[in-house]
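Here is a short walk through one protein model. Keep the structure in view while reading.

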Amino acid sequence: MAGFRTRAIHDGQAPDPLTGAVNVPLYLSSTYAQEEIGRHKGWEYSRVSNPTRDALEASLASLEGGASAHVFASGMAAISALVTLLKTGDHVVCGANVYGGTPRLFNQIVAGYGIEFTYVDTSDLHALREALRPETRLVHIETPTNPLMTLSDIRAVADLCHAHGGCDLAVDNTFMSPFFQQPIALGADIVVHSTTKYLNGHSDGLGGVLVGTRPQHQEQFRFVQKCTGGILSPFEAWLVLRGVKTLAARMREHDNNGRAIAALLDRHPAVAQVWYPGLPAHPQHALACQQMSGFGGMIAFELGSLERANCFLTRLRVCTLAESLGGVETLISHPATMTHAALGAEARTRLGITDGMVRISVGIEDLPDLEQDLRQALDAL
Ligand SMILES: *Cc1c(COP(=O)(O)O)cnc(C)c1O
């Protein structure tokens, strides 16, 4: 098998047979001509399949090492499609500190269909084992988590799920991207992404993907695309295809800058704590070295209070205060009032998300410019 960077550029993206175009064309066609009843070139209607989307799905299946990939209009649309594997009476174990939209979907919509959810810290294998029930069909985890960068041991969690019988492991791999973490190679059954983040990489489109490993996943997720219609548009599929070609190059830059910024924050007297798996002091640094091939660009750090966090954030000139992550530009956010506001103060305290915590998605700008920007804002505290 070719290397990751070669596959990112070529898999699913052979030159166009009609014209020789080296890029997959953007097929803006809702429907396709048929030669006679029941005879066509493989495409009938773009909700069901579209050639630009098909190319992206082939590319993402290859990069994650899965059997098939299925793209949706957003990460949340992909996770909604994932839960269609479940039936009334089934039970799901979900990581206690996953993307906020995930438990909102599970608790406020899916639980109404008679599916039960238990939330546990999946970095604690004992707690996970205790949470599994005979009717547990799915374990859904994120590693590292947002914003506290807690890791779960993917191989150990997969082994627990499979020993339990009839239970799939889904890993939301948005934070690491397939370049740094390969959950399927570690035993996961399904990989989820918000392609909005690193896969697209330029903060200019939303999307989501489910990568499956079994024929049943392919049948089910294809069927959900056709039945519910929450598919990725051809244009956004084209954007993600374009983004994926530079994924490896971008991730290396995110990782280089991330390591340097984490070290800067760690040394600065205005910063009380830094959460980054690449720091030797991270409690799971050894696991990070084992199951990830880089540490990426996501860092959380503690400034002591909401006032200090706001003072810091308003002084930044290169880094942009905004939700989201994984783009080429450095984005910085305040979890307690932004991504994790809906959780409520009590749940945030339980998870360890404080009012003084800031999260940074380190971009690929020149490192000295980022360092200077962060340093001047920290020095003012
Ligand atoms: C952003 C995000 C999602 C949701 O994706 P959308 O594209 O915003 O719907 C899911 N999981 C993680 C880890 C995310 O960061």
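A crossing of two helices is called right-handed if the near helix is turned clockwise from the far one by less than a right angle, and left-handed if anticlockwise. Keep that in mind for the first stop in this predicted model.

Find helix α10, residues 247-267, and helix α14, residues 367-379. Their axes come within 11 Å and cross at roughly 25°. Angles under 35 degrees count as roughly parallel, so α10 and α14 are roughly parallel to each other. Their crossing is right-handed. On the α10 side, the contact uses N257, A260, I261, L264 and L265. Facing them in α14 are L367, L370, E371, L374, R375 and L378. The residues of this contact divide into 8 nonpolar, 1 polar and 2 charged.

Now turn to the sheet. It is open and has 7 strands, in the order β1-β7-β6-β5-β4-β2-β3. The pairing is mixed. Strands β1 (68-72) and β3 (116-120) stand at the edges. Each has a single partner strand, so one side of each is left without a neighbour in the sheet. Neighbouring strands are turned by 20° against each other on average, direction ignored.

Look inside the order at β5 (residues 168-172) and β6 (residues 190-194). They pair in the parallel sense over 3 bridges. Here A170 stands opposite I190 in β6.

Two helices pack on this sheet. Helix α3, residues 75-82, touches β1, β4 (136-142), β5, β6 and β7 (208-212). The direction of α3 makes about 35° with that of β7. Helix α8, residues 215-228, touches β1, β5, β6 and β7. The direction of α8 makes about 20° with that of β1.

Terms used:
Residues are numbered from 1 along each chain as its sequence is written. This is a predicted model: local features need pLDDT of at least 70, side-chain atom pairs count only at pLDDT 80 or more; totals for chains, interfaces and linings use all residues. Side-chain values use heavy atoms; hydrogens and water are left out. Axes are lines fitted to C-alpha atoms, for helices over the stretch in contact, and angles run from 0 to 180 degrees between N-to-C directions. Helices (H or I, at least four residues) and strands (E, at least two) are DSSP runs, numbered from the N terminus. Angles under 35 degrees count as roughly parallel, over 145 as roughly antiparallel, 65 to 115 as roughly perpendicular and the rest as oblique. Contact means heavy atoms within 4.5 Å. Ala, Val, Leu, Ile, Met, Phe, Trp, Tyr, Cys and Pro count as nonpolar, Asp, Glu, Lys and Arg as charged, and the others, Gly among them, as polar. Two strands pair if DSSP finds at least two bridges between them.
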